[in-house]
Amino acid sequence: MFRNFAVRAPMRLLVLFGALLLSACAAGPLQYDELVESNQYTTPVELLDTPFHPQEAYQCGPAALATILQVSGVDDATPERLADQVYLPERQGSLQMELLGATRRASRVPYVMAPTLDALMTEVYAGNPVLVLQNLGLPRWPMWHYAVVIGYDPEDQQVVLRSGTTEREIMSLRRFERTWKMADYWALVVTEPGVLPESAEPLRYFEAVAPLEQQQRWDVAIEAYQAAAEAWPGEATSFIGLGNIAYQQQRYGDAEFNYYQAIEINPEQAATYFNLAWALVRQAKFNAARSAANEAAQLAADDERMQQAPALIEQAIEDTQG
Amino acid sequence: MKKSLIYGTTFFFGSLVFNTAFTAPAHADIVSTQEIVTEQRAGINKTQLTEQLERADIQEQLVRYGVDPQEALARIDSMTDAEIMELTADMEELPAGASAVTVILLLFIIWILIR
C-alpha cells in the first residue's frame with residue numbers, strides 16, 4: 001500500500017479512491033465474481049458505432065441520453081435539445097425520471113433494466129448500449145454521474161464506457177460494479193420501436209410501456225405491445241394493452257377482439273371482462289356485455305369496482321338506448 | 001405576494017387550460033393498463049393516483065430549480081404519477097447525474113488534504 005503511494009500522483013489518487021470505495025461499500029455482495037466465473041461471456045465486445053458526445057459542464061445526463069436515443073433511431077436527439085428537457089439548472093444535473101420522461105417524448109420505451117451485471121452484459125452483447133447511473137463518490141457523499149456502457153473485455157475484466165469527456169473510458173469490472181451498485185444498479189435501455197430489449201422481462205417491460213399509453217403516445221405503445229405479444233405469447237397484458245388502446249381510439253371491435261385474446265390466455269382476470277363489457281356496450285351488443293360484466297363480478301368477489309360492473313353496464317345500456 | 005406563490009397559482013390555472021394531464025381521461029370507464037400493471041407489481045387493488053395539486057406543486061418546484069415554465073409542463077406530462085410522487089418527495093436529495101470533472105477536482109482536494 002505505502003509502496004503504491006510512492007508512485008506518481010495520478011496513481012496515488014487512484015489508490016486513494018479505491019481505498020475510499022472499499023471502506024464505503026463493504027455491505028452487500030457484489031456480482032462480478034459470479035459473472036466472471038460463469039464464463040458466459042468469453043469474447044470481447046465493443047459497440048464502436050455508438051456516438052460520442054463530449055459533455056459540457058454537468059451535462060452528462062443529456063449527453064448520455066442523446067447517445068442511446070440516437071442508437072435507437074432518434075436522429076434529432078442532440079445533447080443541446082435534450083438539455084432543455086432533462087437538465088435542472090439549480091441541481092446542475094439531471095434526474096432519473098426526467099430521462100425516462102424525455103425518452104417517452106422521443107416516442108421510445110424507457111426500459112429500466114433488471115439490476116444485474118448479467119442483464120447489462122446481455123444488452124451490450126446484443127448490441128444495445130446501456131445508460132447507467134453511477135455514484136463516483138461515497139454513499140454519504142455522492143457524486144452522481146451518467147455514462148453509457150458500450151463494451152466489455154472478459155480477459156482483462158474491464159468495462160468500456162462513453163463517459164463525460166472520455167470517449168473510451170476503461171474501468172475494471174469490479175470498480176464499475178461498485179460505482180453502479182451505489183446507484184442501486186439503475187440502468188436504462190432504449191431500443192428501436194417494436195424491438196424488445198434483449199434482457200426484457202414481461203412485467204418490467206409492461207411497466208415501461210403503460211405510461212406511454214397513458215400519455216396517448218399510441219403508435220409507440222402499439223408497436224411495443226405487439227412486440228411483447230409476439231415474444232411472450234403467454235402474457236395476457238400485451239392484449240389488454242392493445243385492447244385498451246383500441247378502446248380509447250374508439251375502435252371497439254378491435255378492442256373486443258384483443259380482450260378475447262387476453263381472456264384465452266388468462267381466463268381468471270376480472271379486469272379483462274370488465275373492459276370487454278364496455279367494448280361490447282359501445283357496439284350495442286348488450287346481452288354479451290351483461291354476461292361479461294357478471295363474469296367480472298364473479299371473478300373478483302372482493303374488488304369493489306368489479307362488483308359494480310353489472311350495475312354500471314346496466315346503466316350504460318339504458319343511457320345508450322336513451 | 002411571494003414570487004413562488006404567483007408562479008404556482010399562474011401555473012395551476014394555466015395548466016387547467018392548456019394541459020391535457022389535468023383534464024379527466026376521456027375513457028375513465030375501462031381499467032387502464034397502467035392500473036393492471038401496477039396491481040401485478042404490488043399485489044394491491046387500487047392505484048394511488050396523484051392529486052392534481054401535486055402536479056401543480058411539482059411544476060412550481062421545477063421552475064424554482066431553473067426550468068422554463070412551459071418546459072416544466074411538458075416534463076410533467078411525460079412522467080408517470082409514481083415518478084411525479086417520487087419527485088415531489090425530495091428534489092434536493094434525488095440523484096442528479098452531473099459531471100465527472102467535479103469528482104476529479106474533489107479527489108484532488110482530498111489528496112491535498114490527506115497526503
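Q: Which residue in strand 9 of chain A does A:Leu131 stand opposite?

A: A:Leu131 stands opposite A:Leu188. This is a predicted model, in which local features need pLDDT of at least 70, side-chain atom pairs count only at pLDDT 80 or more, and totals for chains, interfaces and linings use all residues. Residues are numbered from 1 along each chain as its sequence is written, and chains are lettered from A and ligands numbered from 1 in the order in which they are written. Strands (E, at least two residues) and helices (H or I, at least four) are DSSP runs, numbered from the N terminus. Two strands pair if DSSP finds at least two bridges between them. Strand 5 (residues 130-135) of chain A is joined to strand 9 (residues 187-189) of chain A by 2 antiparallel bridges. Strand 5 of chain A also pairs with strand 6 (residues 144-153) of chain A, antiparallel over 6 bridges; there A:Asn135 stands opposite A:Trp144.

Q: Which residues lie on each side of strand 5 of chain A?

A: In a regular strand the side chains alternate between the two faces of the sheet. Here A:Val130, A:Val132 and A:Gln134 are on one side, with A:Leu131, A:Leu133 and A:Asn135 on the other. A residue is buried if 20 or more other C-beta atoms, placed from the backbone, lie within 10 Å of its own. 6 of the 6 residues of strand 5 of chain A are buried, so the strand is largely enclosed by the rest of the structure.

Q: How many residues of chain B are in contact with chain A?

A: Contact requires C-beta atoms, placed from the backbone, within 7 Å. By this criterion, 40 residues of chain B are in contact with 57 residues of chain A. Helix 6 (100-114) of chain B gives the most to that side of chain B, with 9 residues. Strand 1 (96-97) of chain B also supplies at least two residues. This strand pairs with strand 3 (residues 93-95) of chain A in the antiparallel sense over 2 bridges, and A:Leu95 stands opposite B:Ala96.

Definitions and conventions
Contact = placed C-beta atoms within 7 Å. Buried ≥ 20, exposed ≤ 12 C-beta atoms within 10 Å, placed from the backbone.
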